[in-house]
Amino acid sequence: MAALRFSGSGLMLGLLALTGCSLSPTKPGSSVPRLKGIGGNIHGGQQPVSGATIQLYTVGTTGDGSAATPMLTSTVKSDANGNFLFGGLFSCTNATMVYLTATGGDPGLGTNNPNLSMMTAIGPCSSIMSNTFVMINELTTVAAVSTLAPFMGASGSAANIGSSPTDVSSLTAAFTLSSELVDPTTGETPGQMVPTGMTVPSAEIDTLADVLSTCINSAGGTAGDSSACGHLFSLMTPATAAAPTNTIAALLNLANNPTLNTTAVYSLAPAAAAPFQPGLTTAPPDFQIRLMAPASSMTLQLSPTSVTFPAESVGLTSVAVPVTITNTGSAAVTISSIGVVGPNAADFTETNNCTSTVQPTVTCFVEVTMKPSALGARNGYLSVVSNTSDSPQYVALTGAGVTPSAGPVTVSATSLSFSLAGSSQDITLSNYGTTPLTIASITSGNSSFLPTSNCGTMLPAQSVCTISVQSIGFLYQFGNYQPFGGLLTIDDDASAGPQTVQLGSLNNAEVSNPAGNATNIRFNFDLGTWAIGDSASGTFVYSVDIAANPLSFGGTFTGPAASDFSTSGCSLPYGVQCSFTVTFTPSATGVRTASINGVKFTGTGQAAGPSFITSTDANQFVYLSNTNVANSTNTVGITNNGTTPLNFSFSFSGANAGNFGAQSPGCTSLAPRATCSASYGFTANSLGTYSALLKITDTNSSFSQTVPLTFHVSYWDPLVSPYSLNFGTEPLGTTSSAQTFTVSDGNLQPLGHPISVSLQPSSNFTLPQGSSCPASTTQVCTLSIAFDPHDIGAIHEYLTVTDLTSGKTNTVQVSGTGGSPAVSLSPGSITFPARSVGTTSVPTIVTLTNTGTTSLTVSQINVLGAVNGNFTETNNCTTVAPSGTCSINVTFAPTAAGPQSATIQILSNAASSPDTISLSGTAN
């Protein structure tokens, strides 16, 4: 998935470890005693839910919507007060993102609700401490589903939340945003560490939670019945999707379709005694839940906020739907990325005309299409990442794939073979069905075959149309002089589609320079325009099947002007090629054509007299230097293809004629059949497009040619050097030595414009010298970057360099490996055999292994909870190198009869610290 950035502070789920934390009240003024240990409580509305099944999941790692992994080793149920414990029933790596779900259970009605499904986003597994408490209710469910929707599968199952390994930062940011919307320890809104200036839409979250509670606090139901769940599921069913069967799936449908039945959904909230207050007093325009940005000079407005595509046949592309992005603020906004994310992101395509910098009041446009790859609902999000405080912003994309049903459809041929470039062959496409046939595209699979048709995008029932395929270019596979082909594909909604036709070539000729290197590749060889009776020759290279030996090329020309062409046949044979010369002597005016050995040649005849032809690059790009001067020296080639000597004069006219200079004196006269080059200059001092007409006149006859010239003056893209920097492995919490990079123009000169440098949000890199360079005409901009990792493992990011005058950008790829020590304990717990009071066991050895990439520093090892020194430990653990080990020796010396327990706590610089070893034993 493309990188997402949620606004908000770093994930503060360490706050889950709240000593003595009490539940939020189930009713005003009341409380429920909580169980000790790692656990939580589930409430529906403000009622405890008993008998709910609790599961702890770690997110999937194979893409958006990939299967999550259940972590609890035994079934956990909530008690009569909604409390539950799950400590000791799971293990996970420190960086793993986890979340809790609750399904089923009795919401205080004396019966199980099979449609009850709620969740809370926790965050890194390492944030779960020995006294962690998690609240699960409708508010935490709204927050979790709203923020994790781009990572949830289309089925709406809470067991399908995941992202790719390269998108850890985006997923982490989504968990952060969930905790900002609703506090996972109290189940109340607003949540933890809300960024300064940002506002949580608490009333909207309360209202949506109230709507959800009508189904949660019930016996359940199905879409279409008269139950509260039935009403909820019906209203939260998009036209292209199946009705949900649980409350998380229903809420996901609303997150993907935030304008879905908004007024009716709002009306489901209880009018009085709503469990979550204060709610909205009127229906909102939509139920898109996200932090609200403060009034800011940098603001982007997306319209619409959701797009629902009509159902489309699988494999066909929908009509494009426009989305506008408008800068409604007073300062320029930098857009770092526009893309599609979500479980079916590959089914949606966006194109846009947005530049990296959007000025105030400016609107740019995005067009989004859907091409469903499978049947059923398809969901994604258009993501716009910028430097506004509410970035990223989303447009929910939904649609459905349906089974193609048109036809039957046939084509009149299953294969076409071409022996001469420039020729065309037709096939007939017939729709024998009773409904129109939608045609998405007609492609050849090879640029040497050009299909055209009169079919349009809709072929009526019981109708036919014609598709013409023309062989263009050169019919050989470059570098392999063998016959080759393509595949004509008619992409439509026929039930047996698409229709295909094999395309193939039967000859292999190439035009080449005399050295035999393939250049100017064409198949219809044009020998130019010449006077009647005059002659012009060209040298070519001929290639045939590799097995052919010996080679020959020659014989008799055929065609309407065969007598105008002659050839010497093959000479200078080498390998599987031979060179030959073709001479063109026009006998009449106009286009003359002939063929030999399947190769077509063309020339044009003209009357005797003065004539010349020109060649130049008439559409050029020139760049301003750092002193705002654009200079360019250019040439125009002139060939005398007439029968008289020529003397030239040159002049410029047009709106920008003054920006173009005179020709060099080296091309003032020209004999018949000779060629020369005239030089002219161009100068400008500002951006823009400059046009002029260069008129070349033969002063002997007044015969002239006019050459239109268009020059585009622009800024250089900032050139960065080097393009990539690698910092190797760096421990977390430390900063590497800085490396430098330079920014210049395309000539390695100072840009002359101010430069800014930016890193992505929550970057693992820093800019020690700052993020800007002033304008300079003498100094190339040099800046430095250092590696300050907070993520573990391989890290790849991009530093963006922006020319603040032109808005043009370039990037430097920066990479490194975030190193971190990691603790592995074997065994992770010890149960001593029963022994007599007053005796001491032999030591049991626990091996501590540093499985991380940097040194582990053990600062302290303690025995907690041991009574009268029943358990003791000794160790040799101080500094442990990567892959190194140390030992902890544990003994059991009971001083009283009965079961005994304790915990060894290991404090270190590992992210999992404190790590623990459970100890137990029984004394006789």
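A disulfide is a pair of cysteine sulfur atoms within 2.5 Å, and a search of the whole structure finds 6 of them. The structure is a predicted model, in which local features need pLDDT of at least 70 and side-chain atom pairs count only at pLDDT 80 or more, while totals for chains, interfaces and linings use all residues. Residues are numbered from 1 along each chain as its sequence is written, and side-chain values use heavy atoms, with hydrogens and water left out. The points below treat disulfides, strand pairing and salt bridges in turn.

**Disulfides**

- Cys354 and Cys364 are joined by a disulfide with an S to S distance of 2.0 Å, and the torsion about this S-S bond is about 90 degrees, so the disulfide is right-handed.
- This pair links distant parts of the chain, 10 residues apart, with Cys354 in the loop between β15 (348-352) and β16 (357-358) and Cys364 in strand β17 (residues 363-370); strands (E, at least two residues) and helices (H or I, at least four residues) are DSSP runs, numbered from the N terminus.
- Both Cys354 and Cys364 are buried, where buried means under 20% relative accessible area, exposed means over 50%, and partly exposed lies in between (1.4 Å probe, protein chains only).
- Another disulfide joins Cys455 to Cys465, with an S to S distance of 1.9 Å, and its torsion of about 85 degrees means that the disulfide is right-handed.
- Cys455 lies in the loop between β24 (449-453) and β25 (458-459) and Cys465 lies in strand β26 (residues 463-471), so the pair ties together parts that are 10 residues apart in sequence; Cys455 and Cys465 are both buried.
- Cys773 and Cys781 also form a disulfide, with their sulfur atoms 1.9 Å apart, and here the torsion is about 65 degrees, so the disulfide is right-handed; Cys773 and Cys781 are both buried.

**Strand pairing**

- An open sheet of 5 strands, with mixed pairing, runs in the order β21-β28-β27-β23-β25, and its edge strands are β21 (415-418) and β25, each of which pairs on one side only.
- Two strands count as paired if DSSP finds at least two bridges between them; strand β27 (residues 485-492) and strand β28 (residues 499-505) pair in the antiparallel sense over 6 bridges, and Ile490 stands opposite Gln499 in β28.

**Salt bridges**

- Side chains of opposite charge can pair when their charged atoms come close.
- The structure holds 4 salt bridges, a salt bridge being a side-chain nitrogen of Lys or Arg within 4 Å of a carboxyl oxygen of Asp or Glu.
- One of them is between Arg378 and Asp347, at 2.7 Å from N to O; Arg378 lies in strand β18 (residues 376-386) and Asp347 in the loop between β14 (333-341) and β15, so the pair ties together parts that are 31 residues apart in sequence.
- Arg378 counts as buried at 10% relative accessibility, and Asp347 is buried with a relative accessible area of 4%.
- Asp564 and Arg592 meet in a salt bridge at 2.7 Å from N to O; Asp564 lies in the loop between β31 (536-543) and β32 (565-567) and Arg592 in strand β35 (residues 590-596), so the pair ties together parts that are 28 residues apart in sequence.
- Asp564 counts as buried at 2% relative accessibility, and Arg592 counts as buried at 17%.
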